[in-house]
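I opened the model today and kept notes as I went.

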Amino acid sequence: MPSTPFLRALAALLVLSLHAVLLLAMHGALHDFGRRKPPQPDRLVIQLSLPPPEDAAPPPPPPPKPRPRPQARPPEPPPTPLQSAVAVAPHPPASQAAPPPPTAEEWAFAAKYTLRNSKGYRHSWGQQVRSMMGTAVEGPEQGVVRFRIEIAPDGRLTRVDTLWTTSPAVEQRARKAIAALPPLPPTPTGKPLVFERTISFSPFANDDPPTYDHDCLPQPPAFRNPFVWDGKSPQMRQPPPEPEPAMTAQEMEDCLRQLPQNSIDAEAARDRRAMERWGWSGSTGPGAAAAAGQK
């Protein structure tokens, strides 16, 4: 049998253990009760908005927001010496000297060439006028003028009409040169020669010599508006222009005898016109040559 002190100690230990267990259980219960939320009863919330009274003044408008002040641009840095030299350096205007007048041989050929409305005569006349106009300088004194010219069979100038011009100064210079023309040879056909001529007084324009190797071919008829009406006569459609009659074998042989040999300048000018119109693909070939040789 155990002694009495031992039993007392065992009983005290059991009592302490039971108290510890009870304290732990109570602590957990109190912790769970604090975390739980009490049940909320269902509530109906009603919001009422009352209109303002009629005699109430409207609320003042909000004050305008201040505009941000524009920031001043930082000063530009001073130009460098190279920029100053480029900006101040004057640009010399482009210029082109007057072409030489037609030679006696060229006028002799022009006085006998009858094809294409005396093409050689018309070109020599324009070259003579441009040669007497002087040097063309880039600026307000440059321009283009187109005239309608009529020359008598004996070479006298009988009529000069201005069709249009881009510069009155150029027109005045051209008319002054026309008035001072030297005596011209008779027309090749012995009939009055009527034609239109554009004179370019510019350092960027070239009066190219014409080509003659396609002048015996039939020329396509020029386009004419069939619905042109003068406002007085009855309205009717105009018939299309008739094509040129084909040459006989003898006429073609005589025509080919008049054709001169094209100069190097004329060939180069024809190639340049073809490239400007058709590009590199059209700069060669009989079609491009025929198109460029109509001048």
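**Ground rules.** I am working with a predicted model, where local features need pLDDT of at least 70, side-chain atom pairs count only at pLDDT 80 or more, and totals for chains, interfaces and linings use all residues. Residues are numbered from 1 along each chain as its sequence is written, and side-chain values use heavy atoms, with hydrogens and water left out.

**Strand 3.** I took helices (H or I, at least four residues) and strands (E, at least two) as DSSP runs, numbered from the N terminus. Buried means under 20% relative accessible area, exposed over 50%, and partly exposed in between (1.4 Å probe, protein chains only). I then looked at which way the side chains point along strand 3, residues 143-151. They alternate. Gly143, Val145, Phe147, Ile149 and Ile151 are buried on one face.

Two strands pair if DSSP finds at least two bridges between them. I found strand 3 antiparallel to strand 5 (residues 193-201), with 9 bridges. There, glycine 143 stands opposite phenylalanine 201. Strand 3 also runs antiparallel to strand 4 (residues 157-165), through 7 bridges. In that pairing arginine 146 faces tryptophan 164. The hairpin of strand 3 and strand 4 has 5 residues between the strands, and glycine 155 takes a positive phi near 95°.

**Cores.** I used this rule: a nonpolar core is a set of buried Ala, Val, Leu, Ile, Met, Phe, Trp, Tyr and Cys residues joined through side-chain atoms within 4.5 Å. The largest core has 22 residues, and Trp125, Val129, Met133 and Phe147 touch the most other members. Helix 3 (104-110), helix 4 (115-132), strand 3, helix 5 (168-179) and strand 5 each supply at least two residues of this core. I followed tryptophan 125, with contact meaning heavy atoms within 4.5 Å. Leaving out residues up to four places away in sequence, tryptophan 125 touches Trp107, Ile149, Ile151, Ile178, Leu181, Leu184, Phe195 and Arg197.

**Disulfide.** I counted a pair of cysteine sulfur atoms within 2.5 Å as a disulfide. The structure holds 1. Cysteine 216 is joined to cysteine 255, S to S 2.0 Å. The pair links distant parts of the chain, 39 residues apart: cysteine 216 sits in the loop between strand 5 and helix 6 (249-258), and cysteine 255 is in helix 6. The link is left-handed, with -105° about the S-S bond. Both cysteine 216 and cysteine 255 are buried.

**Loop residues.** I checked glutamate 138, in the loop between strand 2 (136-137) and strand 3. Glutamate 138 touches His91, Pro93, Ala94, Pro203 and Phe204, not counting residues up to four places away in sequence. Proline 93 is 45 residues from glutamate 138 in sequence and 5.4 Å away in space, C-alpha to C-alpha.

Next I checked glutamine 261, in the loop between helix 6 and helix 7. Glutamine 261 has a relative accessible area of 78%, so it is exposed. Glutamine 261 and threonine 211 are 50 residues apart in sequence and 8.6 Å apart in space, C-alpha to C-alpha.
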